[in-house]
Every structure is written in structure tokens, then in C-alpha cells.
Amino acid sequence: MNEDTERLAQNAAEANLHAFAELLFFAYRDFTGDPDAILKDFGFGRAHHRVLHFVNRHSGLRVADLLEILNITKQSLSRVLKQLIDQGYITQKAGAADRRERLLYPTERGMALAGRLAAPQLVRLRAALTAAGPEAETAIRRFLEAMINAEDRPKVSAIIDPAAFPADRNDEGKPS
């Protein structure tokens with residue numbers, strides 16, 4: 001290959017990567033758009049959604065773990081969490097073994113809102129996976145996992161693996 005042909009191939013490959021980046025932007029926009037519209041009615045934003053999602057999916061989650069999952073500051077979480085607690089979507093309890101530990105639980109109201117926010121996203125995911133075909137699910141999962149920083153992948157796998165992180169936890173935040 002001569003230099004011009006190599007440059008053209010490299011430009012085409014880079015343009016393809018830019019197109020994938022744009023697809024991710026548009027997919028994220030639409031994936032978050034439905035819940036954003038619902039959240040607006042409550043005066044909440046995406047940070048509230050993320051907190052509510054993880055607390056609902058992992059009842060008894062420690063505040064320290066939530067900070068690590070969301071990769072945000074204590075100050076940012078504190079503001080959002082206070083609103084969700086004050087408005088009755090999340091409750092906070094001290095750990096049984098370590099009273100300094102703060103464990104988070106969704107209330108009935110919180111579970112209902114989390115379900116309402118997840119519903120259009122699950123419909124969108126189901127439709128996209130169906131359109132991609134059954135053989136694509138494994139490739140899509142591998143792709144998304146590869147997009148996560150390598151050092152974070154084991155932690156993320158532990159969070160999303162239902163067997164590793166059961167939804168039903170005791171007051172100490174440990175699996176029942």
C-alpha cells in the first residue's frame with residue numbers, strides 16, 4: 001500500500017469510529033430521554049434516576065458503595081440523596097454491625113418510581129436486542145463491557161451479576 005492509500009484507509013477507519021461515537025451519543029440521548037421526561041414532573045434529574053436505580057436494584061446498598069458505583073463526590077450524592085429521602089423515595093438505616101454504616105432502601109414509593117422510569121428503557125432495550133438478533137446479544141454485552149475501564153470491569157460485573165449481589169440483603173448490607 002502506498003502512503004495515499006494508507007492515509008485514506010486510516011481516515012475511513014477514523015470516520016467509522018466517529019460514527020460509532022455519534023451512535024452512542026444518540027442512543028444515550030434516547031435511552032435517557034423517556035425517564036428524563038418523567039423525572040421532570042418530580043423536579044428530579046438524571047442523578048436522582050441513577051441513585052434510585054441502584055438503591056432499588058440493590059436494596060441495603062451502603063452509601064460508600066453507591067459513591068463508588070456512581071463515581072461522584074459525597075457532596076453531589078448528599079444533595080440528591082437528601083431530596084429522595086425527604087420526599088419518601090428512599091429510606092436510610094444504620095448498619096446492625098457498624099452503626100456508622102448507612103444502608104439505603106427504596107420505599108414503596110421509590111420502587112414504584114424506579115419501575116416507572118425503567119419501563120420505557122426496558123421496552124427500548126428489548127426492541128433493540130430483538131432487532132439485533134439473538135446471536136448479537138453476546139457481542140453487544142462484550143462490546144459494552146469493553147467500553148468500561150479495564151480496572152473497573154470486575155466491580156461492574158459484581159454489581160450487575162444478580163447472583164453476586166442479591167436484591168434481598170439484611171440490615172448489614174451483606175447478602176442474606
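**Salt bridges and core**

Modeller: Start with a pair: arginine 62 and aspartate 65 form a salt bridge, with their closest N and O atoms 2.8 Å apart. This is a predicted model.

Colleague: Which residues are linked with Arg62 in a network of salt bridges?

Modeller: Arginine 62 also meets glutamate 101 through side chains, at 3.3 Å from N to O. That pair links distant parts of the chain: arginine 62 sits in strand 1, glutamate 101 in the loop between strand 2 and strand 3. The residues networked with Arg62 are Asp65 and Glu101.

Colleague: Is glutamate 101 buried or exposed?

Modeller: The cut-off for buried is under 20% relative accessible area. Glutamate 101 has 18% relative accessibility, so it counts as buried.

Colleague: How many residues apart in sequence are the parts that lysine 155 and glutamate 68 tie together?

Modeller: Their side chains meet in a salt bridge at 3.4 Å, N to O. Lysine 155 is in helix 7 and glutamate 68 in helix 3, so the parts tied together are separated in sequence by 87 residues.

Colleague: Where in helix 1 does the kink lie?

Modeller: Helix 1 has 38 residues and spans 53 Å between its first and last C-alpha, close to the expected 56 Å. The kink is about 35° and comes shortly before proline 35, at glycine 33.

Colleague: Which residues have the most contacts inside the largest nonpolar core?

Modeller: That core has 23 residues.

Notes:
Residues numbered from 1 in each chain as written. Predicted model: local features only at pLDDT ≥ 70, side-chain atom pairs only at ≥ 80, totals over all residues. Heavy atoms only, no water. Core = buried A, V, L, I, M, F, W, Y, C linked by side-chain atoms within 4.5 Å. Buried < 20%, exposed > 50% of the residue type's maximum accessible area, 1.4 Å probe, protein only. Helix = DSSP H or I, 4+ residues; strand = E, 2+ residues; numbered from the N terminus. Expected span 1.5 Å × (residues − 1). Bend = angle between axes of the 7 residues up to and from the residue. Salt bridge = Lys/Arg side-chain N within 4 Å of Asp/Glu carboxyl O.
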